[in-house]
Structure formats: structure tokens, C-alpha cells
Amino acid sequence: MNIALWIVTGLLAAVASAGGTIKMFTPKAKLAQAPGGRWTATAGAGVIKTLGGVEVLAAIGLILPAVLGIAPVLVPVTAVCWALLMVGAMITHARDGEYKVITANVVYLAMAVFIAWGRFGLEPFTA
């Protein structure tokens, strides 16, 4: 189970890192034209960049605490926070009629729930 949790955690961290980096460094007009990017047309540039920063921090929070052995409980806590972010993303995409994008959000939500469930209960990091 530990290996499966690490694989899913690594995949989710890669998704978070990529999505966050894109939001932080891609111009707002280009993001609005991308699939699933309709929401950026009504959001401020600062909001988009801040959300990108939060996603990059989530990627770090999913991996670094466990690797360094410093407060590894932050891994499942970060997964719970990511799950909440995905609920918000699903609501936003549904509001904009971008239903195909919601499928990816559901997958990322399921990955985060699996990580939180596994690291809080089945295979917690031990000190």
C-alpha cells in the first residue's frame, strides 16, 4: 500500500506543480483560450497567479514533509486541502459549463482522498 500511496502522491504532485506553474507564468489571455480556462476571463490576474502559487505549494506539501521527515502529517493535510480545492474547481467549471474538465477534477479529487485516507489511517508516516 505504501508504494501505491507514493505513486499516487507523486502523480498528484506533478499535476499540481504543472498546473500551478502554468497559472503563474502564462498570460491571462492565453489561459482564457485554453480548454477549461474560461474561468480566467473573469478572474483577476493576481487571483490566477496566487492560485498557481497555492498549487505549487501543494505539490511541495505532498512530497517534501515525508521525504525530509519533518512534520510528515502535512502530507495528508495537504491532500485534504487539495480535495477542497478540487471541489471548488468543479463548482467553477460547472458554473462556466465546462463539464468535460470536471472529469479531471474528479480524478484529482479521488487521488487526494486516497492519499489522505491512506496516510491518516492505513500507512501513516512514523517518526
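Predicted model: local features only at pLDDT ≥ 70, side-chain atom pairs only at ≥ 80, totals over all residues.

Q: Take Ile-60. Where is its place?
A: Ile-60 is in helix α3.

Q: And is Ile-60 buried or partly exposed?
A: Ile-60 is partly exposed, with a relative accessible area of 41%.

Q: OK, charges next. How many salt bridges does the structure hold?
A: There are three salt bridges. One of them joins the side chains of Lys-23 and Glu-55, at 3.1 Å from N to O.

Q: What does the pair of Lys-23 and Glu-55 tie together?
A: Lys-23 lies in helix α1 (residues 2-25) and Glu-55 in helix α3 (residues 45-68), so the pair ties together parts that are 32 residues apart in sequence.

Q: Are Lys-23 and Glu-55 buried or exposed?
A: Lys-23 is buried, and Glu-55 is buried as well.

Q: What about Arg-38, which residue does its side chain meet in a salt bridge?
A: That is Glu-98, with 3.9 Å from N to O. The pair links distant parts of the chain, 60 residues apart. Arg-38 sits in the loop between α2 (28-33) and α3, while Glu-98 sits in the loop between α4 (74-95) and α5 (99-122).

Q: With which residue does Arg-95 form a salt bridge?
A: Arg-95 forms a salt bridge with Asp-96, and the closest N and O atoms are 3.6 Å apart. Arg-95 is exposed at 58% relative accessible area, whereas Asp-96 is buried at 18%.

Q: Why does 18% still go down as buried for Asp-96?
A: Because buried means under 20% relative accessible area, and Asp-96 has 18%.

Q: Back to the loop between α2 and α3. Is Thr-40 buried or exposed?
A: Thr-40 has its place in that loop and is buried, with a relative accessible area of 2%.

Q: What does Thr-40 touch?
A: Leaving out residues up to four places away in sequence, Thr-40 touches Lys-28, Leu-31, Ala-32 and Ile-48.

Q: Switching to rings. How many aromatic pairs does the structure hold?
A: One aromatic pair. Phe-114 and Trp-117 form this pair, which is tilted, with 6.2 Å centre to centre and 45 degrees between the planes.

Q: Where are Phe-114 and Trp-117 along the helix?
A: They are three residues apart in helix α5, so about one helical turn separates them. Phe-114 counts as partly exposed, at 22% relative accessibility.

Q: Last topic. Which residues does UniProt list for "transmembrane region"?
A: The UniProt entry, which is unreviewed, lists residues 56-89 and 101-120 under that name.

Q: What is the chain like over residues 56-89?
A: Over residues 56-89 the chain is 85% helix and 0% strand, and the end C-alpha atoms are 16 Å apart.

Q: And what over residues 101-120?
A: There the chain is 100% helix and 0% strand, with the end C-alpha atoms 29 Å apart.

Technical notes
Residues numbered from 1 in each chain as written. Heavy atoms only, no water. Salt bridge = Lys/Arg side-chain N within 4 Å of Asp/Glu carboxyl O. Helix = DSSP H or I, 4+ residues; strand = E, 2+ residues; numbered from the N terminus. Buried < 20%, exposed > 50% of the residue type's maximum accessible area, 1.4 Å probe, protein only. Contact = heavy atoms within 4.5 Å. Phe/Tyr/Trp six-rings, centres within 6.5 Å; stacked < 30°, edge-to-face > 60°. UniProt positions renumbered as here; feature names shortened; annotations may be inferred.
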